[in-house]
Amino acid sequence: MIIKLDDKFALVTDDYNFVLNGIRIKGEDSVNAGEEYLAPIGYYGTLKASLEGYLRHSLKKDANGVDNVDKLLNKLNEIQKSIEGVKI
């Protein structure tokens, strides 16, 4: 099962893991240029751990331009709302 978390991350499940993936786009030199693909970021044993990984990675990826605690907390709230909005 593939669960799209936002436009940058998706979770893929198998019998043993929840795999946090980055959503990437193939480059111009690729056979299928412009096509999306999933690049594994982390493997987790529980859904909770995978969502915590998503929170960590998403916060780090989007932390550019965050120069004070209020902006950081707002970004954290945005990510938490994104998690709550995931349709399983």
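Is Gly42 buried or exposed, and at what relative accessibility? At 10% relative accessibility, Gly42 counts as buried, where buried means under 20% relative accessible area, exposed means over 50%, and partly exposed is in between (1.4 Å probe, protein chains only). Welcome to this predicted model, in which local features need pLDDT of at least 70, side-chain atom pairs count only at pLDDT 80 or more, and totals for chains, interfaces and linings use all residues. Residues are numbered from 1 along each chain as its sequence is written, and side-chain values use heavy atoms, with hydrogens and water left out.

**The overall picture**

- The protein has 2 helices and 4 strands; helices (H or I, at least four residues) and strands (E, at least two) are DSSP runs, numbered from the N terminus.
- The C-alpha trace spans about 45 × 35 × 20 Å along the principal axes of the protein.
- The protein has 88 residues, and 27% of them count as buried.
- Among contacts with a separation of 6 or more, 38% are between residues 24 or more positions apart; contact means heavy atoms within 4.5 Å.

**How the two helices meet**

- Helix H1 covers residues 47-61 and helix H2 covers residues 69-84; they pack at an angle of about 140°, with their axes 10 Å apart.
- That angle makes H1 oblique to H2, because angles under 35 degrees count as roughly parallel, over 145 as roughly antiparallel, 65 to 115 as roughly perpendicular and the rest as oblique.
- For these values, axes are lines fitted to C-alpha atoms, for helices over the stretch in contact, and angles run from 0 to 180 degrees between N-to-C directions.
- H1 passes H2 in a right-handed crossing, a term used if the near helix is turned clockwise from the far one by less than a right angle, with anticlockwise giving a left-handed crossing.
- From H1, the contact is made by Leu51, Tyr54, Leu55, Ser58 and Leu59, and from H2 by Leu72, Lys75, Leu76, Ile79, Gln80, Ser82 and Ile83.
- The residues of this contact divide into 8 nonpolar, 3 polar and 1 charged.
- In that grouping, Ala, Val, Leu, Ile, Met, Phe, Trp, Tyr, Cys and Pro count as nonpolar, Asp, Glu, Lys and Arg as charged, and the others, Gly among them, as polar.

**Two serines of helix H1**

- Ser50 has its place in helix H1 and counts as buried, at 0% relative accessibility.
- A polar atom of the Ser50 side chain lies 2.7 Å from the backbone oxygen of Leu47.
- Ser50 is also in contact with Leu11, Phe18 and Tyr44, leaving aside its neighbours within four places in sequence.
- Ser58 lies in helix H1 and is buried, with a relative accessible area of 2%.
- With neighbours within four places in sequence left aside, Ser58 is in contact with Asp6, Phe9 and Ile79.

**A glycine in a strand**

- Gly42, the residue of the opening question, is found in strand S4 (residues 36-44).
- Not counting residues up to four places away in sequence, Gly42 touches Phe18, Val19 and Leu20.
- From C-alpha to C-alpha, Gly42 and Ile79 are 18 Å apart in space, and they are 37 residues apart in sequence.

**Residues with some exposure**

- Asn74 is found in helix H2 and counts as partly exposed, at 46% relative accessibility.
- Asn74 and Tyr43 are 31 residues apart in sequence and 27 Å apart in space, C-alpha to C-alpha.
- Tyr16 lies in the loop between strand S2 (9-13) and strand S3 (18-25), and Tyr16 is exposed, with a relative accessible area of 69%.
- Tyr16 touches Tyr44 and Gly45, not counting residues up to four places away in sequence.
- Tyr16 and Ile83 are 67 residues apart in sequence, with 21 Å between them in space, C-alpha to C-alpha.

How values were computed:
A polar contact is a pair of N or O atoms within 3.5 Å; within protein, one must be able to donate a hydrogen and the other to accept it, and residues adjacent in sequence count only if both atoms are side-chain atoms.
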